[in-house]
Amino acid sequence: MTFINYASREINCKIVYYGPGLGGKTTNLQFIYDSTAQQAKGKLISLATETDRTLFFDFLPLDLGTVRGFKTRFHLYTVPGQVFYDASRKLILKGVDGVVFVADSQRERMDANVESLFNLEANLKQHGYELTKLPYVLQLNKRDLPNVVAVDELKAELLRRDEPVFEGVASRGVGVFDTLKAVAKQVLMELRKSSGG
Amino acid sequence: MAAPVVMYEEEYGQLKGAITRLCADANAKFVFLVDKNGQQIAAHGEMLNLDTTSLASLTAGNVAATDGLAHLIGEQGFPVLSHEGERDNIHISIVANRVILVVIFDERSSLGLVRLRVKRVTAEMNAIFDAIDRKVDREREMGFALDSPFAEITEEDIDALFS
């Protein structure tokens with residue numbers, strides 16, 4: 001839920017990166033963190049297990065600059081992808097303004113993608129949101145690996161509406177900022193709509 | 001998308017006044033208000049270099065996880081959380097059902113004093129948040145937020161953010 005502070009002239013929005021385990025959600029945030037100027041970012045917080053699997057969430061606050069005199073800040077969160085962390089995933093979706101679904105393009109992860117997308121829709125519903133009405137972007141990650149499913153086939157399985165789709169190699173940053181920009185744009189345009197613009 | 005949470009200058013000033021007073025009355029080091037989604041609302045205190053953005057998101061995560069635990073055992077929630085450290089302690093409570101009030105204190109204060117002062121300020125804060133709700137409702141009834149900076153936002157404005 002966007003937070004507009006007229007006193008400090010700030011607006012904060014929450015973006016959640018969702019998707020199956022080991023799909024590259026944390027890697028997206030890590031790349032954004034590594035390639036953003038010091039003054040534009042806060043600390044990257046990772047609540048992870050000893051083996052670096054996300055346990056609760058990763059969090060990265062990002063200052064994008066000023067729109068109409070308001071400092072625009074995006075709070076990026078990832079969810080833990082592993083199936084059994086569903087209770088945590090649900091909590092993190094609370095108050096979300098936009099969602100990025102990071103799909104793993106490898107053939108053997110196809111079922112995991114589909115399961116995670118269903119899970120996203122179900123969890124959003126519990127918070128009263130609908131995926132088809134929320135700012136949303138689909139990222140097809142790991143396009144550099146040898147055993148990837150063709151883009152058209154992935155789209156046929158995972159597209160939910162006319163959402164923007166980006167091919168990505170998050171470990172090298174390919175598609176990472178395009179994805180972020182696309183979701184941020186939708187969130188801000190949504191704000192315009194709710195302001196009567 | 002859910003309606004945005006809004007904070008106006010008048011109420012912000014009142015909240016800032018309330019937490020400043022709480023900080024002094026409870027002999028606390030730092031007091032801050034954060035909404036349940038992890039967005040910081042106001043802060044006051046002496047702790048320099050404290051990463052309040054991280055503090056806000058972790059506090060919200062903590063409260064959300066504890067609420068989840070409460071529901072599992074059939075409770076509505078745990079409205080007060082307290083963490084005791086070697087030097088500093090954190091007292092967390094829920095205000096107006098949606099805002100989290102965090103008080104950081106050390107040996108110059110005590111849990112009892114903090115609880116007492118928090119209780120007193122909670123009623124005052126509830127009234128302030130009610131006033132904000134009424135204001136937002138009024139604006140919505142008029143069709144839109146009259147002074148919203150986003151009503152005229154353009155695609156170029158957004159593109160400029162990423163340039």
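Because the model is predicted, local features are given only at pLDDT of at least 70 and side-chain atom pairs count only at pLDDT 80 or more, while totals for chains, interfaces and linings use all residues. Residues are numbered from 1 along each chain as its sequence is written, chains are lettered from A and ligands numbered from 1 in the order in which they are written, and side-chain values use heavy atoms, with hydrogens and water left out.

**Chain B**

Chain B has 4 helices and 6 strands, where helices (H or I, at least four residues) and strands (E, at least two) are DSSP runs numbered from the N terminus. Read from the N terminus, these elements follow the order β-α-β-β-α-β-β-β-α-α. Along the principal axes, the C-alpha atoms of chain B fill a box of roughly 50 × 40 × 30 Å. Of the 163 residues in chain B, 44% are buried; buried means under 20% relative accessible area, exposed means over 50%, and partly exposed lies in between, with a 1.4 Å probe and protein chains only. Among contacts in chain B with a separation of 6 or more, 53% join residues 24 or more positions apart, contact meaning heavy atoms within 4.5 Å.

**Helix packing**

In chain B, the axes of helix H1 (residues 9-25) and helix H3 (residues 111-141) come within 10 Å and cross at roughly 180°. Axes here are lines fitted to C-alpha atoms, for helices over the stretch in contact, and angles run from 0 to 180 degrees between N-to-C directions. H1(B) and H3(B) are therefore roughly antiparallel, given that angles under 35 degrees count as roughly parallel, over 145 as roughly antiparallel, 65 to 115 as roughly perpendicular and the rest as oblique. Residues making this contact include B:Leu15, B:Ala18 and B:Leu22 of H1(B), and B:Val121, B:Met125 and B:Ile128 of H3(B). By class, the contact of H1(B) with H3(B) comprises 12 nonpolar, 1 polar and 7 charged residues; Ala, Val, Leu, Ile, Met, Phe, Trp, Tyr, Cys and Pro count as nonpolar, Asp, Glu, Lys and Arg as charged, and the others, Gly among them, as polar.

B:Ala18, which lies in helix H1 of chain B, is buried, with a relative accessible area of 0%. Leaving out residues up to four places away in sequence, B:Ala18 touches B:Val121, B:Glu124 and B:Met125. The C-alpha atoms of B:Ala18 and B:Val121 are separated by 6.8 Å, although the two residues are 103 residues apart along the chain.

In chain A, helix H1 (residues 25-34) packs against H5(A) at an angle of about 95°, with the axes 10 Å apart, which makes H1(A) roughly perpendicular to H5(A). A:Asn28, A:Phe31 and A:Ile32 of H1(A) meet A:Val176, A:Phe177 and A:Leu180 of H5(A), and these residues divide into 5 nonpolar, 1 polar and no charged.

**Nonpolar cores**

A nonpolar core is a set of buried Ala, Val, Leu, Ile, Met, Phe, Trp, Tyr and Cys residues joined through side-chain atoms within 4.5 Å. The largest core has 61 residues, of which A:Leu76 and B:Leu101 touch the most other members; its largest share, 9 residues, comes from helix H5 (residues 176-194) of chain A. Neighbours within four places aside, the contacts of A:Leu76 include A:Ile15, A:Ile32, A:Phe59 and A:Leu180. Apart from this core lies another, of 29 residues, among them A:Val16, A:Phe57, A:Tyr136 and A:Leu140.

**Residues with positive phi**

| Residue | Phi | Relative accessible area |
|---|---|---|
| A:Leu22 | about 60° | 57%, exposed |
| B:Asn97 | near 65° | 70%, exposed |

A:Leu22 is found in the loop between S2 and H1 of chain A, and B:Asn97 in the loop between strand S5 (89-95) and strand S6 (99-105) of chain B.

**The interface**

The contact between the chains takes 50 residues from chain A and 40 residues from chain B. About 4,200 Å² is buried between chain A and chain B, with carbon and sulfur atoms giving 67%; buried area is the accessible area (1.4 Å probe) that two parts lose on being put together, summed over both. In chain A, the residues that lose the most area to chain B are A:Phe3, A:Tyr6 and A:Arg68, together 18% of what that side buries. A:Phe3 is also one of the residues touched by A:Glu10, which is placed in strand S2 (residues 10-18) of chain A and counts as buried at 16% relative accessibility.
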